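Me: Could you take a close look at one part of this model for me, the nonpolar core and whatever packs around it? I'd like the cut-offs spelled out as you go.

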Amino acid sequence: MYSEKVMDHFKNPRNVGEIENASGVGTVGNAKCGDIMRIFLDIDADGIIKDVKFKTFGCGAAVATSSMATELVKGKTIQEALQVTNKAVMEALDGLPPVKVHCSLLAEEAIHAALWDYAEKNGIKIEGLKKPVNDISEEEEEEEY
């Protein structure tokens, strides 16, 4: 069963849409379930995420985790955004059913993919950022929950 917060973010998602000329765009998916998540970041000269939007194709949990992830990184520095983990997303939503944990992984990876895109566009290295995977199911097979 889903928490009230998950249902709220599914029914009333925050930050839906695209950012034209975004500083960074990250797209990740999960081939097993068909979810696709795209995060757009607008990062200012001081490295602060001024705006963030998302477009997600997937289940209610995928929409809710996208929405919550955007709320968690908005107004944060690049380094603070990098610290937003799938566990933080799940905690902020008061939990997810075990079969939907992969949706929170999508949210974390989409943020990292957008930060990676930003770093590549600007020729910079973000300390602690690893090259993201495009398909979360690749990573899931390595990790046991």
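Reply: Happy to. Of the 40 residues in the largest nonpolar core, the ones that touch the most other members are Ile39, Leu41, Leu115 and Ile126. A nonpolar core here is a set of buried Ala, Val, Leu, Ile, Met, Phe, Trp, Tyr and Cys residues joined through side-chain atoms within 4.5 Å; buried means under 20% relative accessible area, exposed over 50%, and partly exposed in between, with a 1.4 Å probe and protein chains only. Two or more residues each come from strand 2 (35-43), strand 3 (49-57), helix 2 (60-73), helix 3 (78-82), helix 4 (86-92) and helix 5. Helix 5 gives the largest share, 12 residues. Helices (H or I, at least four residues) and strands (E, at least two) are DSSP runs, numbered from the N terminus.

A word on the ground rules: this is a predicted model, in which local features need pLDDT of at least 70 and side-chain atom pairs count only at pLDDT 80 or more, while totals for chains, interfaces and linings use all residues. Residues are numbered from 1 along each chain as its sequence is written, and side-chain values use heavy atoms, with hydrogens and water left out.

Now to helix 5 itself. Of its 22 residues, 17 are buried, so helix 5 is largely enclosed by the rest of the structure. (The expected span is 1.5 Å times one less than the number of residues.) After helix 5 comes Gly123, with a positive phi near 60°.

Setting aside neighbours within four places in sequence, Leu41 is in contact (heavy atoms within 4.5 Å) with Ile19, Ala22, Ser23, Gly24, Ile49, Asp51, Val52, Ala114 and Leu115.

Three strands form an open, antiparallel sheet in the order 1-2-3, where two strands pair if DSSP finds at least two bridges between them. Strand 1 (24-30) and strand 3 stand at the edges with a single partner strand each, so one side of each has no neighbour in the sheet. On average, neighbouring strands are turned by 15° against each other, direction ignored. Strand 1 and strand 2 pair over seven bridges; among them, Gly29 has Ile36 as its bridge partner. Helix 2 packs on the sheet, touching strand 2 and strand 3, and its direction makes about 175° with that of strand 3. Helix 5 packs on the sheet as well, touching strand 1 and strand 2, at about 145° to the direction of strand 1. For these angles, axes are lines fitted to C-alpha atoms, for helices over the stretch in contact, and values run from 0 to 180 degrees between N-to-C directions. Five of the seven residues of strand 1 are buried, so strand 1 is largely enclosed by the rest of the structure.

In helix 2 you will find Val63, which is buried with a relative accessible area of 14%. Not counting residues up to four places away in sequence, Val63 touches His9, Phe10, Pro13, Phe54, Thr56 and Gly58.

Lastly, the cysteines: a search of the whole structure finds zero disulfides, a disulfide being a pair of cysteine sulfur atoms within 2.5 Å. The sulfur of Cys33 is 6.0 Å from the closest cysteine sulfur, in Cys103, too far for a bond. Cys59 is in no disulfide either, with the sulfur of Cys103 as its nearest, 3.8 Å away.
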